[in-house]
Amino acid sequence: MRAEASVVIIGGGIIGTAIAFYLCKKGLKDVVLVEKSYLSSGATGRCGGGIRQQWSERMNVRLAMRSVKLFERFEEEVGMDIEYYHGGYLLLAYTDEEVELFHKNVAMQQEEGLDVRLLSKEETKEKFPFMNLEGLKLATFCPTDGHANPHLATMAYAKAAEKMGAMILTHTEVTDIDVQNGQIKGVLTTKGYIKTSVVVNAAGGFSREVGLMAGVELPTESYRHQIFVTEPLEHILDPLVISFVNNFYIRQTKSGNFIMGQGDKDEPPSHKHDPSWRFLVEMTEKMPHFFPFLKEVRVLRHWAGLYNMSPDAQPIIDKSDKLSDFYFAIGFSGHGFMLAPAVGEAMADWIIYGSPKKVDISNLKMERFSKGVSREKNVV
Ligand SMILES: Cc1cc2nc3c(=O)[nH]c(=O)nc-3n(C[C@H](O)[C@H](O)[C@H](O)COP(=O)(O)OP(=O)(O)OC[C@H]3O[C@@H](n4cnc5c(N)ncnc54)[C@H](O)[C@@H]3O)c2cc1C
């Protein structure tokens with residue numbers, strides 16, 4: 001194990017590995033990433049893999065658009081096929097409030113340069129004749145949205161970072177952060193002490209706990225979210241389809257399986273990971289109504305992961321103002337996989353050059369919570 005590093009990253013999900021990759025790519029080789037379990041064992045390996053640019057908050061649109069640019073050249077840049085698929089995202093509106101919001105969102109997204117359009121019920125029916133669109137008022141569609149395999153993406157970043165000189169320590173837990181007089185001196189792990197002056201908290205569902213190790217209070221909370229996968233069917237569904245009022249999202253993987261999930265408003269914050277019977281019953285009753293071809297399909301596997309929520313459902317990307325060089329990329333609120341390339345790049349630029357270069361992420365700093373925030377509405 002390396003006893004000294006210029007940067008220690010805590011967390012081996014998509015965010016930690018993306019940051020490690022971009023730090024190494026930009027020239028910092030002695031990076032150590034510490035993961036308490038295996039790579040992508042947290043939310044990343046349990047997520048839907050959706051990549052969407054259609055958000056209600058401009059900042060999320062910008063970050064997602066930058067990420068899509070990076071996903072488009074992922075194989076060439078990072079060196080692995082991650083089953084990236086440009087099938088688009090179809091957002092369904094069923095209420096007058098949603099119709100109003102979707103009109104507003106699309107106008108803002110188009111201002112940002114996104115290729116996104118409104119679809120009437122008839123146009124949606126024509127494009128997706130196999131769906132039951134009863135009650136639909138409007139839809140929006142962005143063809144450059146899509147999905148990818150989150151395990152492969154995490155492995156790709158980690159392997160590429162390792163090749164450039166990073167050390168990836170799995171099954172190693174950070175148990176404390178050594179802070180003296182406002183300066184980080186190192187991190188204590190289950191495999192020994194690593195001397196460093198720069199630490200990045202990319203601990204996902206445990207971001208708050210890792211913050212407290214350095215004496216920094218972070219306003220994130222974790223919530224269980226569940227998801228399941230069916231047996232494979234012939235390819236039928238190109239886009240990832242999402243409905244906020246009906247509380248579902250669904251996509252078809254490269255091998256034909258359907259992955260789908262919903263949120264649970266009654267779920268209290270916790271680190272619970274166990275799947276519930278209630279979820280399975282609700283989803284298997286609900287989904288065949290919208291997708292009649294799912295009636296006879298068997299569920300293969302069902303699991304849960306953590307949404308690390310911030311108060312406004314937008315990520316917190318910042319550096320502590322209480323101690324030197326404690327960075328955090330946390331609170332992704334259910335959309336961290338798709339934002340990871342842009343966040344990895346921005347964090348690396350910030351650490352190496354003193355500021356992010358490609359996307360202005362100043363609106364994602366902690367200070368926003370004392371000024372009043374606008375909550376991201378397009379979340380399940
Ligand atoms: C059911 C579900 C569906 C989702 N669907 C999507 C989607 O379609 N698209 C999308 O963009 N996002 C989706 N998300 C959200 C996405 O998964 C997360 O936002 C993203 O994976 C966050 O990545 P991360 O690297 O920050 O966190 P994680 O993947 O959770 O990684 C954090 C890592 O830190 C490690 N760790 C924690 N504490 C310590 C410690 N003390 N020492 C060492 N290691 C530590 C953990 O073991 C973990 O592996 C979904 C999430 C869930 C749960």
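Student: In this model, is glutamate 367 buried, partly exposed or exposed?
Tutor: The model is a predicted one. Glutamate 367 has a relative accessibility of 44%. Buried needs a value under 20% and exposed a value over 50%, so at 44% glutamate 367 counts as partly exposed.

Student: With which residue does lysine 371 form a salt bridge?
Tutor: Lysine 371 is exposed, its relative accessible area being 62%. The closest N and O atoms of its salt bridge are 3.6 Å apart. The partner is glutamate 367.

Student: How many residues apart in sequence are arginine 368 and aspartate 312?
Tutor: Arginine 368 and aspartate 312 form a salt bridge, with 2.7 Å between the closest N and O atoms. Arginine 368 belongs to helix H10 (residues 368-371), while aspartate 312 sits in the loop between strand S17 (299-309) and strand S18 (316-319), so the bridge ties together parts of the chain whose separation in sequence is 56 residues.

Student: Are arginine 368 and aspartate 312 buried or exposed?
Tutor: The cut-off for buried is a relative accessible area under 20%. Both residues, arginine 368 and aspartate 312, are buried.

Student: Where is lysine 137, the salt-bridge partner of aspartate 96?
Tutor: The side chains of aspartate 96 and lysine 137 meet at 2.9 Å, N to O. Aspartate 96 lies in helix H4 (residues 96-111), and the pair is 41 residues apart. Lysine 137 is in the loop between helix H5 (121-127) and strand S6 (138-142).

Student: How many salt bridges are there between domain 1 and domain 2?
Tutor: The centres of the two domains, taken over C-alpha atoms, are separated by 30 Å. The contact takes nine residues from domain 1 and nine residues from domain 2. Between them the domains bury about 740 Å², 62% of it on carbon and sulfur atoms. Three residue pairs are in polar contact, but the count of salt bridges is zero.

Student: Which elements do the buried residues of H6 pack against?
Tutor: Helix H6 runs over residues 150-163 and has 14 residues. Its buried residues include Ala153, Tyr157 and Ala161. They pack against helix H1 (14-25), helix H3 (74-78), strand S8 (167-169), strand S15 (248-252) and helix H9 (336-353).

Student: How far apart in space are phenylalanine 326 and glutamine 183?
Tutor: Phenylalanine 326 is in strand S19 (residues 326-330) and counts as buried at 0% relative accessibility. Phenylalanine 326 and glutamine 183 are 143 residues apart in sequence. From C-alpha to C-alpha, their separation in space is 9.0 Å.

Definitions and conventions
Residues are numbered from 1 along each chain as its sequence is written. This is a predicted model: local features need pLDDT of at least 70, side-chain atom pairs count only at pLDDT 80 or more; totals for chains, interfaces and linings use all residues. Side-chain values use heavy atoms; hydrogens and water are left out. Helices (H or I, at least four residues) and strands (E, at least two) are DSSP runs, numbered from the N terminus. The expected span of a helix is 1.5 Å times one less than its number of residues. Buried means under 20% relative accessible area, exposed over 50%, partly exposed in between (1.4 Å probe, protein chains only). Contact means heavy atoms within 4.5 Å. Domain bounds come from an automatic or database domain assignment. Buried area is the accessible area (1.4 Å probe) that two parts lose on being put together, summed over both. A salt bridge is a side-chain nitrogen of Lys or Arg within 4 Å of a carboxyl oxygen of Asp or Glu. A polar contact is a pair of N or O atoms within 3.5 Å; within protein, one must be able to donate a hydrogen and the other to accept it, and residues adjacent in sequence count only if both atoms are side-chain atoms.
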